Amino acid sequence: TRMDYTEEPNSLPFLLSLASCAGFSVTFLCHLVFSPLLLSRIRGYRTLPENKQLYLITLLASTVHAVFASTVTGFIITTGWLGDVRVYSKSQLGFTTMQVLFGYFVADLLFCLYFPRLRNELGSMAHHVAGIIGIGLGLYCQGKFMYFIVYRFISECSTPFVNLRFVLHFLNHRSGFWYYFASIGMVVTFFLCRILAFPWHWYELLLGLADPASSLVPPHLRVWTCINYA
């Protein structure tokens with residue numbers, strides 16, 4: 001019924017939660033502590049230009065959160081945790097996943113904005129802004145279109161392989177087991193989760209948009225969900 005979708009107001013506490021603070025904090029710890037310590041032990045890292053060093057620092061947090069997002073999303077998909085309600089879900093696991101990733105995107109964007117060399121990566125900046133707005137709107141609207149926002153995270157399965165290949169490439173380790181492992185893993189997961197799954201994502205989204213209940217979802221959330229699926 002209509003009351004099911006409108007009885008609860010929008011809420012900022014869904015954005016500023018313990019989970020989003022945890023995602024924010026872990027990201028900065030990775031950027032400022034763990035990544036520099038790990039990379040400093042790898043031969044060839046210190047000889048890289050500053051912009052490449054900074055970029056590699058961001059990859060650890062990216063990998064940690066990609067593993068988290070894709071693992072939880074895989075669990076949600078295989079267990080039907082969100083149910084079959086496309087327009088409005090109250091899954092606590094879905095909320096927590098979105099909140100952690102919201103904190104990650106905010107922290108990573110602030111880190112990139114601080115350094116001019118990273119700030120000039122317009123594609124990365126646009127990706128972060130779209131993620132913050134899309135996930136933020138879903139949280140602010142307390143679960144509306146959570147189904148589509150969470151399902152989109154399955155595409156992050158390819159990110160660890162992409163990041164590992166970037167690291168090995170920048171450090172001139174372009175052969176050997178780990179390079180071929182990362183390359184094959186990247187191709188397979190990218191094809192399955194970002195190309196093959198793309199028509200299914202859009203099919204599900206169009207079904208949701210055609211649902212009469214979607215008229216109760218704020219227009220800006222519908223628009224940004226479509227942008228994030230593009």
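Tutor: Helices (H or I, at least four residues) and strands (E, at least two) are DSSP runs, numbered from the N terminus. The model is predicted: local features need pLDDT of at least 70, side-chain atom pairs count only at pLDDT 80 or more, and totals for chains, interfaces and linings use all residues. Residues are numbered from 1 along each chain as its sequence is written, and side-chain values use heavy atoms, without hydrogens and water.

A pocket is an open set of points on a 1 Å grid over the protein atoms alone, where a 1.4 Å probe fits, with protein on both sides within 12 Å along at least five of seven lines; lining residues have an atom within 4 Å of a point. Volume is the space filled by probe spheres set on the points, which are joined across faces, edges and corners.

The second largest pocket holds about 260 Å³. It is lined by 15 residues, with Leu38, Leu39, Leu60, Leu164 and Val167 closest to its centre. Helix H2 (18-40), helix H3 (50-79) and helix H8 (159-170) each give two or more residues to this lining. H8 gives the most, with 5 residues. The lining has 11 nonpolar residues, 4 polar and no charged. Here Ala, Val, Leu, Ile, Met, Phe, Trp, Tyr, Cys and Pro count as nonpolar, Asp, Glu, Lys and Arg as charged, and the others, Gly among them, as polar.

The protein chain has 11 helices and 0 strands. Its C-alpha trace spans about 60 × 35 × 30 Å along the principal axes. The largest pocket has a volume of about 1100 Å³.
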